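Subject: The structure I promised you

Hi,

Here is the structure for you to look at. Open it up next to this email and follow along as you read.

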Amino acid sequence: MSPHRNGFSLLEVLVALAVLALAMTALVRTAALQTRGLIDARELSYAQWVASNVLADARLSRAANRLDSGQGEMELGQVRWRWTMDVARSPLAGVSRIDVSVSTPNGRRVLVLTGFAQTP
């Protein structure tokens, strides 16, 4: 008869710890990727709001009529976003194309939004 043993052997415990370590590493990596994705999505949303505001201002101020281009800054989400606006004629008569580029304060371009405005 073999003696009855209670508990786990050292080898079984080490294998269980190795499996647990691999699982925890995968979970931490997944959480980090999800956090980075959330930060990128928030940054993209803010940049789109900035570009939409600049585009709306250009339409209201009739900057498209004068083919004005410009640049500036706008604070949104506790960040000072840089934007540039280029106005050009479109192939359609009476329509101007407005391209608004939005960058982070360190100069990394986040978004380019294109809109159109009627010109007289």
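A second one goes with it: two strands pair if DSSP finds at least two bridges between them.

Please keep in mind that this is a predicted model, where local features need pLDDT of at least 70 and side-chain atom pairs count only at pLDDT 80 or more, while totals for chains, interfaces and linings use all residues. Residues are numbered from 1 along each chain as its sequence is written, and side-chain values use heavy atoms, with hydrogens and water left out.

**The sheet**

Four strands make an open sheet in the order S1-S2-S3-S4, with antiparallel pairing. At its edges sit S1 (70–76) and S4, each of which pairs on one side only. On average, neighbouring strands are turned by 25 degrees against each other, direction ignored. (For angles, axes are lines fitted to C-alpha atoms, for helices over the stretch in contact, and angles run from 0 to 180 degrees between N-to-C directions.)

Now go through the pairs. Seven bridges hold S1 and S2 together in the antiparallel sense; here Leu76 has Val79 in S2 as its bridge partner. The loop between S1 and S2 contains Gln78, whose phi is near 60 degrees, a positive value in a residue other than glycine. That's worth a look, as most residues other than glycine have a negative phi.

S2 and S3 run antiparallel and are joined by eight bridges, with Ala88 partnered by Arg97 in S3. These two strands form a hairpin with five residues between them, and Gly94 in the turn has a positive phi of about 80 degrees. S3 and S4, also antiparallel, are joined by nine bridges, and Val100 finds its bridge partner in Leu113 of S4. They form a hairpin as well, with five residues between them, and Gly107 in that turn has a positive phi of about 95 degrees.

**The helix**

H1 has 51 residues and spans 75 Å from its first C-alpha to its last, close to the 75 Å expected at 1.5 Å a residue. (The expected span is 1.5 Å times one less than the number of residues.) Just after H1, Arg62 takes a positive phi of about 60 degrees.

Where does H1 meet the sheet? H1 packs on it, touching S1, S2, S3 and S4, and its direction makes about 25 degrees with that of S4. Contact here means heavy atoms within 4.5 Å.

Which residues of H1 are buried? They are Glu43, Ala47, Val50, Ala51, Val54, Leu55 and Ala58. Buried means under 20% relative accessible area, exposed over 50%, and partly exposed in between (1.4 Å probe, protein chains only). What covers these residues includes S1, S2, S3 and S4.

**The core**

A nonpolar core is a set of buried Ala, Val, Leu, Ile, Met, Phe, Trp, Tyr and Cys residues joined through side-chain atoms within 4.5 Å. The largest one here has 18 residues, and Val50, Val54, Trp83, Met85, Ile98, Val100 and Val102 touch the most other members. H1 (10–60), S2 (79–89), S3 (95–103) and S4 (109–118) each supply at least two residues, and H1 gives the most, with six.

**The salt bridges**

A salt bridge is a side-chain nitrogen of Lys or Arg within 4 Å of a carboxyl oxygen of Asp or Glu. How many does the structure hold? There are six. One of them links Arg82 and Glu73, at 3.8 Å from N to O. Arg82 counts as partly exposed because its relative accessibility is 39%, and Glu73 is partly exposed too, at 44%.

Another joins Glu75 to Arg80, with the closest N and O atoms 3.6 Å apart. Glu75 is exposed, at 51%, whereas Arg80 is partly exposed, at 40%.

Then there is Asp99 with Arg97, whose closest N and O atoms are 3.1 Å apart. Salt bridges that share partners join Glu73, Glu75, Arg80 and Arg82 into one network.
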